[in-house]
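Dear colleague,

Please find below the structure that I am handing over to you. My notes on what was found in it follow directly after.

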Amino acid sequence: MAPAVSAAIKPEPDVVWSRENVSMSVVLEALNDIRKKFALVEAEETEHPHPRSCVMTLIAVASSEAEERRAQRAARMIGMSHPAQLIVICDQPHLKPGQIDATITTDTFQTQSASAIQCELVNLHVRGAAGEHLAALVDPLLPSGVPTYLWWVGTPPFGKHEFTDALRICDSLVIDSSRFEAPYRSFMDLTKLGESSHQKLGVADLQWARLEPWRETVAQFFSPGDRRPFMNGISEVGVDYVGEGRGNRVGASLLIGWMASALGWKLQRAAGGGGGVVAAHFSAEGWRPVEVAFRSVPKEQMAEGELAAIRVAGSAKGKTFKLTVMRNPERARRPSPDIGAGAYQVLHATGGGDDAGLELAQRKAAWHRDVQQKAAPEDRPPQPGIFVHERRRSDNSLVLLTLIDIGGGDPLRHVQRVEPEDEATLLLRLLANGAHDHVYSRSLLAAAELFRAI
C-alpha cells in the first residue's frame, strides 16, 4: 500500500522540461535525468539515492485539448498515491508530419512516514491520429515487469489496424462508453474487440463503474435469505433513461445485460417504438416469460444516456414484490405559507405524507413560533425564517430513492445519497481490479445481443 501523503495536488504542475520536434530517445534521457536529480536531492549525505518503484504504466490518448486536460488531471491524481509511469498523448493537427513536441511536468508530495515522492507526467503532442504510431511512440518509455493500461479518453478508432497494433503494448484498455461520439456503432464495435485483440486483454468501462450504485441497490434487495426465491419470480423489469435514440440506451442495456446474464435469461425477441420505447421478451428456466421495457423520460438536470429509474416486479411463493429505484425523483408542489416556522416545525408531526397534513402541521408550528416570540423580550433578535416550499437543488441528481413493496403491504422507503466520484477515482477503481471484470464482459455481450435484436 502506498504511504499516505500530506499535500494536496496543485492546480498546475511544475514544468521542468519542454522541447519541440524531438525524438523519443531525447525524451527518455530527459526523464531519467529528472528522476536522478530528484533522488540525489532527497538522499542525505550518508545515504544512497532511494530506489524508485513503479506499479503500472498509464497511457492516456486524447484527441482534443479538453480531453487532454481531463487526462492530465486524472493522471496526476493517480500519481499522487500510486508510483506510476504517466504518459498523455494528444493529437495536434498543426504540427508537421512526424514531429513530436514533448513536455515533462512534476508533482512532489511529502509522505507522513517516508521520504518525498515525485510524480512525473510525460505529455506528447503528435500530428495525426495518435493511435497510428502509439506502439512505436511509447515503447521506449515503458518499464518492464509492470502492467500497462491504455486509457482512450474519447472514442477509440475501433476496427483500424493502427488501433489493433496499439493494443499489443497494453494489458488492458480503459474506455468510457458514455462519451462515444457515435454511441451505438462504437458500442457494437466494442463488443467485437475480443475478435481482433490478444486474449489476455482486459477491457474496463467508466460507464460500468457509474452503474455500480444501481447494481448494488438491486442486488441488496435480493440479498436476505427470505427474498432469494424472488430472483426466480421476476416477471417484468422497466428502465427509464434520459434522451431518445438507441445510443442513449447503452447504460440501460448494460444494466439489463447484467441481470439477464446473472439470472440466465434468454432473449426471445425485441422491438422498438417511437419516443425511445423498447420492449424485449426473455425466457427464464426455459419457459417463464420476463418482459423488459425501456422508456425515455425528460430530465433537465441529467445528461442524455443516464439512468433515471428501474422497476423490478414479480411474484414467488404466493407473494408479490416490487422494487423501484428512482434517481432525482420528482417532488409534488406542496401548498404552504410563504414563510415557514423555523425550528418549531420539527415539534409538530405532519400526520401523514399528504399535502393537507403537512399544511396543518405548518400552521401549528407557525402559531407556536408566534406565541413564543410574543412572550420574549422586545429586544430579542428576529428568528430567521425559512422558505418551506421545496426546490430542486443541483445535488438532487445524487439521491436514490428506493421503494420496496412485498405482499401488497405498506412500501418501505429508503433514501441514499450517492457521493459524486471524479474521473480519477473511477479510473483507480477499475485499475485496482486489473481491468479484467468477467461480470462486465458477460453483461457487455448480453447488452450487445439486445441491441442487435432491436
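Contact here means heavy atoms within 4.5 Å. By that rule, and leaving aside residues up to four places away in sequence, Thr324 touches Ile310, Arg311, Leu401, Thr402 and Leu403. This is a predicted model, in which local features need pLDDT of at least 70 and side-chain atom pairs count only at pLDDT 80 or more, while totals for chains, interfaces and linings use all residues. Residues are numbered from 1 along each chain as its sequence is written, and side-chain values use heavy atoms, with hydrogens and water left out.

Thr324 belongs to strand 14, residues 319–327; strands (E, at least two residues) and helices (H or I, at least four) are DSSP runs numbered from the N terminus. Thr324 counts as buried because its relative accessibility is 11%. Buried means under 20% relative accessible area, exposed means over 50%, and partly exposed lies in between (1.4 Å probe, protein chains only). Thr324 and Thr402 are 78 residues apart in sequence, yet their C-alpha atoms are 5.6 Å apart in space.

Lys299 sits in the loop between strand 12 (288–297) and strand 13 (307–316). Why does Lys299 count as buried? The reason is its relative accessibility of 15%. The Lys299 side chain reaches the backbone oxygen of Asn328 at 3.2 Å. With residues up to four places away in sequence again not counted, Lys299 touches Val242, Ala308, Arg327, Asn328 and Glu330.

Next, strands 7 and 8. Strand 7 (residues 172–175) pairs with strand 8 in the parallel sense over four bridges, where pairing requires that DSSP finds at least two bridges between the strands. Ser172 stands opposite Gly202 in strand 8. In a regular strand the side chains alternate between the two faces of the sheet. In strand 8 (residues 202–205), Gly202 and Ala204 point one way, Val203 and Asp205 point the other way, and all are buried.

Finally, the aromatic rings. Rings of Phe, Tyr and Trp (its six-membered ring) pair if their centres lie within 6.5 Å; planes under 30 degrees apart count as stacked, over 60 as edge-to-face and the rest as tilted. The count comes to twelve aromatic pairs. One of them joins Phe158 and Phe163 edge-to-face, at 5.6 Å centre to centre and 80° between the planes.

Yours sincerely

Key
A polar contact is a pair of N or O atoms within 3.5 Å; within protein, one must be able to donate a hydrogen and the other to accept it, and residues adjacent in sequence count only if both atoms are side-chain atoms.
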